[in-house]
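Here is a short briefing to read alongside the structure. Have the viewer open and follow the topics in any order you like.

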Amino acid sequence: MLAIHRIFQMIFGIIVSVTILYFLIVYSGQYKQNQEDFQKALILKAFADEAKSVYLTGISTNFTQFYKYDFSSCFIKPQTKSLPEMQCMGTGIADVPVDTPLIFYPGKQVYISRGSLDYGWWVYNFAEAMPSITFVFNPEGSQEEKDVITSIVQLIPDTTDDWSVVKVGFAICDGGSLSNCGDQPCSKDDILSIISSWEAKTKCTASLKKSMKLVTVSRSCGSFMPQSGVCIGYPNTYGVGNAYIQGSGKEYVWKDPLDLVALSLGGSEKDEFGKTAGEKLYEIKNSALMARLSLAADITSRRIELILRSISPDNPCYASYVSLVNELSGIGGKDYTDLSQMDGLNQHLNAAKAYFQSLEEAGCERSMYGA
Amino acid sequence: MERNPARKGQSEIMEYIVMVVLIVAAIIAIILFLSWWSIMQIEMQGSKNQNDKIVSLGQMIMGDYMLINEQAMLDDAKLTSLVSMSSEGCERLQALLGANWYAKIKSLDMEGDIPCTWGNYPDCNSWTICEYKEPHIAQVFPVNVYRKLSDKAALAVLEVGVYT
């Protein structure tokens with residue numbers, strides 16, 4: 001017969017073992033999850049650093065660490081009074097601040113490059129990161145359309161280098177068929193030479209892979225919508241137009257080619273809250289640009305006031321400086337959400353660029369590029 | 001002499017309890033060690049991040065056309081415009097580049113340290129962007145400052161610090 005202390009030992013042993021085992025399983029599960037989230041946050045931080053490095057140096061690079069986990073829900077969200085943050089929906093990853101103006105579309109491997117918008121008196125640099133994607137155009141054949149598409153293509157990185165693991169290409173849709181350059185999507189150079197001579201094609205009905213982004217530039221956007229992607233309306237005389245995303249129902253006012261790159265790259269793919277990736281990229285692009293543009297305009301206006309104090313009104317530079325400062329004072333301080341406000345903004349930006357160019361030509365200002 | 005069986009049972013239970021306590025202590029020690037390790041990793045990462053932040057802030061200031069005239073050439077009139085906006089300029093810049101830092105630029109083409117203001121430009125040679133306070137860690141970078149009114153470039157030092 002078992003002694004009482006043996007029975008106690010057995011019961012106590014079972015209770016203690018089960019408790020310890022339960023605790024260890026819960027703790028190790030929690031520890032594994034924490035470490036995984038920590039690793040994911042480190043990868044996002046490494047990506048943000050890499051994007052910053054590209055933004056500062058202008059040297060393009062591949063970022064290949066995203067294959068380790070699923071980052072497909074990650075996007076950059078603008079914040080009102082602090083840095084934008086990289087957020088990943090439905091995960092426990094901490095938000096990672098991003099201090100670089102960045103257009104990011106997630107993928108297992110992304111190519112990071114730097115682009116710029118030249119306003120004459122100021123240059124806006126930004127980084128863009130995208131995976132292997134094919135932009136599909138459905139030509140209408142007009143000169144306005146060719147100009148718009150050319151401006152989009154010029155801001156998309158050239159990935160024809162041997163070391164690039166990402167291939168960003170272009171194709172043309174004609175009805176139910178897609179045409180490439182040989183077996184592969186066209187390169188940036190190929191498509192730029194094709195655009196100048198392309199003719200109208202029938203409405204695109206081809207089935208497109210997830211990695212293909214349909215970009216339609218048409219006079220009748222709004223009343224007509226393509227099967228997917230974005231529809232970009234023609235610009236008015238100030239270079240401003242409307243764009244539409246399939247399935248969104250909203251109008252997006254575009255004022256520069258980077259708006260179109262953001263809308264086209266994100267496209268009509270929706271997240272679990274029904275927001276399109278195109279809209280998210282458009283928001284972060286404009287939030288980053290407008291905050292910088294407004295501050296740059298204020299600094300430049302004040303700078304010109306300092307200069308004007310030191311030169312006489314007879315100086316040949318004086319009148320152009322006064323005109324420039326008048327134009328710059330009209331920039332910033334608004335939300336710029338509708339077409340008429342954007343018209344006003346682009347009017348000021350175009351005039352300011354022209355005045356700055358005249359100052360450069362008169363030798364009153366140095367070129368931003370050191371010329 | 002035969003031992004009392006009740007006493008033997010008691011001592012075996014005691015042994016058993018001591019063993020369980022030791023095992024639990026070992027598990028707690030392992031957990032504490034792993035937690036300490038994670039905290040140390042985060043602290044090391046934080047320390048490295050501060051140094052990285054200083055370098056990248058320096059690069060941002062030297063590469064942003066808001067403040068430069070051409071690549072790596074800070075413009076004295078732009079710097080004066082920014083510092084004369086007082087705290088608003090700093091707040092707007094920190095919303096773009098992150099908070100808790102300062103930058104001090106001193107041009108070496110003049111004797112002494114004469115802070116630039118709206119009133120004394122261009123007879124001045126230093127600019128402090130955002131409030132300078134302690135404690136902080138800082139690094140110094142050689143830069144150029146373009147003197148707009150005299151159309152000359154001057155050697156300068158840029159000190160960037162982050163608050164600890």
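In this predicted model, the contact between the chains draws 33 residues from chain A and 31 residues from chain B. On the side of chain A that touches chain B, the elements giving two or more residues are α1 (4-57) and α5 of chain A.

**Confidence**
- The model as a whole scores ipTM 0.82 and pTM 0.86.
- For chain B, the average pLDDT is 88, and 98% of the residues score at least 70.

**Helix against helix across the two chains**
- Two packed helices are described by the angle between their axes and the distance between the axes.
- α1(A) packs with helix α1 (residues 5-63) of chain B at an angle of about 5°, and their axes are 12 Å apart.
- Because angles under 35 degrees count as roughly parallel, α1(A) is roughly parallel to α1(B).
- From α1(A), the residues that meet α1(B) are Ile4(A), His5(A), Phe8(A), Gln9(A), Phe12(A), Val16(A), Ile20(A), Tyr27(A), Tyr31(A), Lys52(A) and Leu56(A).
- Their counterparts in α1(B) include Ile13(B), Tyr16(B), Val20(B), Ile27(B), Ile31(B) and Leu34(B), and also Ser56(B), Gln59(B) and Gly63(B).
- The contact of α1(A) with α1(B) counts 14 nonpolar, 6 polar and 2 charged residues.

**A helix pair within chain A**
- Helix α5 (residues 277-310) of chain A and helix α6 (residues 318-328) of chain A have axes that come within 9 Å and cross at roughly 150°.
- With an angle over 145 counting as roughly antiparallel, α5(A) and α6(A) are therefore roughly antiparallel to each other.
- The crossing of α5(A) past α6(A) is left-handed.
- On α5(A), the contact is made by Ala297(A), Thr300(A), Ser301(A), Ile304(A), Glu305(A), Ile307(A) and Leu308(A).
- On α6(A), Tyr318(A), Tyr321(A), Leu324(A), Val325(A) and Leu328(A) take part.
- By class, the residues of this contact of α5(A) with α6(A) are 9 nonpolar, 2 polar and 1 charged.

**Backbone details in chain B**
- Most residues other than glycine have a negative phi, and most peptide bonds are trans.
- Tyr121(B) and Pro122(B) are joined by a cis peptide bond, with omega about 5°.
- Pro122(B) lies in the loop between β3 (101-107) and β4 (126-129) of chain B.
- Asn100(B) is a residue other than glycine with a positive phi, near 65°.
- You will find Asn100(B) in the loop between α3 (86-97) and β3 of chain B, and it counts as partly exposed because it has 13 C-beta neighbours inside 10 Å.
- Cys130(B), also a residue other than glycine, has a positive phi near 75°.
- Look for Cys130(B) in the loop between β4 and β5 (136-147) of chain B.
- Cys130(B) has 22 C-beta neighbours inside 10 Å, so it counts as buried.

**One more residue in chain A**
- Asp147(A) sits in helix α2 (residues 143-155) of chain A.
- Since Asp147(A) has 14 C-beta neighbours inside 10 Å, it counts as partly exposed.
- Asp147(A) and Ile195(A) are 48 residues apart along the chain, and their C-alpha atoms are separated by 8.9 Å.

Definitions and conventions
Residues are numbered from 1 along each chain as its sequence is written. Chains are lettered from A and ligands numbered from 1 in the order in which they are written. This is a predicted model: local features need pLDDT of at least 70, side-chain atom pairs count only at pLDDT 80 or more; totals for chains, interfaces and linings use all residues. Axes are lines fitted to C-alpha atoms, for helices over the stretch in contact, and angles run from 0 to 180 degrees between N-to-C directions. Helices (H or I, at least four residues) and strands (E, at least two) are DSSP runs, numbered from the N terminus. Angles under 35 degrees count as roughly parallel, over 145 as roughly antiparallel, 65 to 115 as roughly perpendicular and the rest as oblique. A crossing is left-handed if the near helix is turned anticlockwise from the far one by less than a right angle, and right-handed if clockwise. Two residues are in contact if their C-beta atoms, placed from the backbone, lie within 7 Å. Ala, Val, Leu, Ile, Met, Phe, Trp, Tyr, Cys and Pro count as nonpolar, Asp, Glu, Lys and Arg as charged, and the others, Gly among them, as polar. pLDDT is the predictor's confidence in each residue, from 0 to 100. A residue is buried if 20 or more other C-beta atoms lie within 10 Å of its own, exposed if 12 or fewer, and partly exposed in between; C-beta atoms are placed from the backbone.
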